[in-house]
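Let's take a walk through the strands of this one. Have the sequence and the model open side by side.

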Amino acid sequence: MNKYKKITLDGIIFSNPTFMLVLGTCPTLAMIKSSATSAAGMGLCVLVVLTLSNMIISALRKVIPNQVRIPCYIVIIATLVTLVQMVLEKFVPSLYDSLGTFLALIVVNCIVLGRAEAFANKHTVVESALDGIANGLGFTLALTVMGIVCEFLGSGSIFGLKIMNFKIAMFSSPAGAFIVYGLSIALFTYIIDVFQRSRRVKANKIARENLLDSRAAANNGDTTEVNA
Amino acid sequence: MTVKQFFKSTAFKCIAVLLSVLLVSGILLAIAWGFLEVTDEERFNRKIGVMYDGETVTSVEQDLSGKNVSVSGATVQKLWYIEEKQDYLVQAASRGNGGDVICWITIEMQDGQTVGGIGKVIVYAVADAAEYIGNIGADIYQKFSEDYTDGKIFTYGDKASSEFISTGATFSLTAVCNCVNGAVEFVKAYASGAEITDPLEDYEYTSFIDGKKTNWTVSGEEITYTIITEANGQATPFTLTIKVDGTKKITEYSIAVNGSTESYGNQMAQAAKDLTGKSLADVQGYLSNAGGVLNTGATRSNELCYNAAAFALANYDTIINAAKEGN
């Protein structure tokens with residue numbers, strides 16, 4: 001598989017930070033119970049911070065000594081988060097208000113530092129940028145989907161648009177968010193498992209057919225030799 | 001290690017890189033701040049825009065000095081007259097679960113003097129982390145303007161009320177209701193030109209005491225107070241009868257209207273019993289001991305009852321002297 005395709009699919013699906021690695025749980029639970037808009041907003045903020053921090057850290061990976069890499073990463077990430085905060089407060093104040101403290105807490109989001117440590121300091125800038133975008137997208141999609149479920153069940157609306165009058169208040173609380181998060185992880189893992197199993201079965205089938213073909217070819221060769 | 005060796009060492013490289021990263025980050029943030037700073041005026045105009053659907057309006061801040069700004073469990077912090085709309089914008093605060101909930105309320109006027117309705121209600125700020133306040137949906141804020149009638153007291157956060165709305169944010173919703181009730185009452189008085197002085201401004205321990213409804217009678221050396229408290233979180237106003245005699249101790253403490261929530265209401269009789277026979281020093285001790293006797297589960301109700309006791313005891317001399325002077 002092309003390495004860029006692999007990085008992208010890993011970030012979004014096979015190593016999805018929310019469903020597969022269960023990282024960034026704190027903002028996930030806080031935002032999905034709030035609203036789908038807040039959840040998507042948080043995801044996009046993480047995407048921007050993650051992509052930029054991955055790129056900067058990758059670019060500086062040969063300059064930053066190993067002994068001070070973590071403090072340097074934290075300073076870089078904190079700077080980017082502060083910039084994102086300033087931009088949101090200036091241009092998207094409603095989102096800034098709805099994200100509240102959790103916006104500043106992106107600094108300590110383990111997805112951001114985790115990708116810096118596990119990927120960006122070992123790969124090129126382009127690969128790191130792609131990894132940041134893929135993981136950020138994976139996080140954003142996971143939060144948005146769970147945010148939609150919680151908002152729909154908790155307040156009968158989606159992205160603020162009223163769909164029905166029926167609502168279950170629990171889904172606007174941390175308990176409801178936990179339930180939706182747990183069920184989403186189970187469902188996602190099941191789908192990935194089914195997909196990988198079917199891929200394995202398909203691969204085995206192809207391998208078996210190839211083996212049979214090669215045996216048949218070998219047998220035909222023997223017969224020809226005998227006839228000759 | 002020589003100086004030359006130090007400059008070639010990893011330690012120096014670490015310090016230099018770390019300081020460089022800090023310096024570059026600092027400069028970058030300083031430049032960004034220059035372009036992206038949101039001034040207080042800008043913040044204020046944004047909120048005004050929210051209140052008037054993006055319209056540009058001229059707000060004239062009213063002078064509230066010397067006025068009684070504690071109304072219906074809320075404190076009116078600021079009042080603006082909006083010239084284009086000829087209505088009032090009120091900033092009022094009331095205590096929620098973790099801290100003050102500060103609301104902005106537009107009060108629509110008829111012929112400049114009478115309150116015609118409530119325009120919009122928003123939460124301007126929350127002083128402490130109160131994450132459940134997000135559960136109060138736009139439809140609930142909308143209800144304030146839809147349900148307003150003259151003399152209406154909003155009780156969406158009161159579990160005992162028929163109009164209670166279950167949100168999971170009962171404390172915050174009670175605080176918002178207090179802010180709206182207080183804002184309407186204040187503007188009514190302000191716009192009609194009525195005197196809005198604090199009837200309790202010369203007294204001590206006036207927290208949670210409704211100065212307009214509280215009264216007392218003096219008989220010899222004994223004062224009989226009928227104290228009406230304000231609401232406090234989930235606790236609705238209490239009506240208390242407290243007698244203080246010449247020994248400056250409470251001789252009788254009875255609860256006529258119990259504002260406590262259903263589950264904690266039966267605890268309040270014990271509080272009344274405990275306060276009987278107590279002096280000001282005793283009550284001050286209870287009030288200063290955060291997490292002590294007040295924290296029984298009915299904390300908000302206890303705060304009201306113990307503060308009322310402190311009010312009755314602390315002002316004994318003032319009231320007796322005034323009675324002797326014939327006031």
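R95(B) stands opposite D100(B) in β5(B). Before going on: this is a predicted model, where local features need pLDDT of at least 70, side-chain atom pairs count only at pLDDT 80 or more, and totals for chains, interfaces and linings use all residues. Residues are numbered from 1 along each chain as its sequence is written, and chains are lettered from A and ligands numbered from 1 in the order in which they are written.

Back to that pair. Strand β4 (residues 87–95) of chain B runs antiparallel to β5(B), with 8 bridges joining them; strands here are DSSP runs of E, at least two residues, numbered from the N terminus, and two of them pair if DSSP finds at least two bridges between them. A hairpin of 4 residues links β4(B) to β5(B).

On β5(B) goes, into another hairpin: 3 residues lie between β5(B) and β6(B), and D111(B) in the turn has a positive phi of about 40°. Strand β6 (residues 114–126) of chain B is antiparallel to β5(B), through 9 bridges, and V101(B) has V126(B) as its bridge partner in β6(B). In β5 (residues 100–110) of chain B, 8 of the 11 residues are buried, so the strand is largely enclosed by the rest of the structure (buried means 20 or more other C-beta atoms within 10 Å of the residue's own, with C-beta atoms placed from the backbone).

Now for the open sheet: 4 strands of chain B in the order β7-β8-β9-β10, paired antiparallel. β7 (215–219) and β10 (250–257) of chain B are at the edges with a single partner strand each, so one side of each has no neighbour in the sheet.

Methods:
A residue is buried if 20 or more other C-beta atoms lie within 10 Å of its own, exposed if 12 or fewer, and partly exposed in between; C-beta atoms are placed from the backbone.
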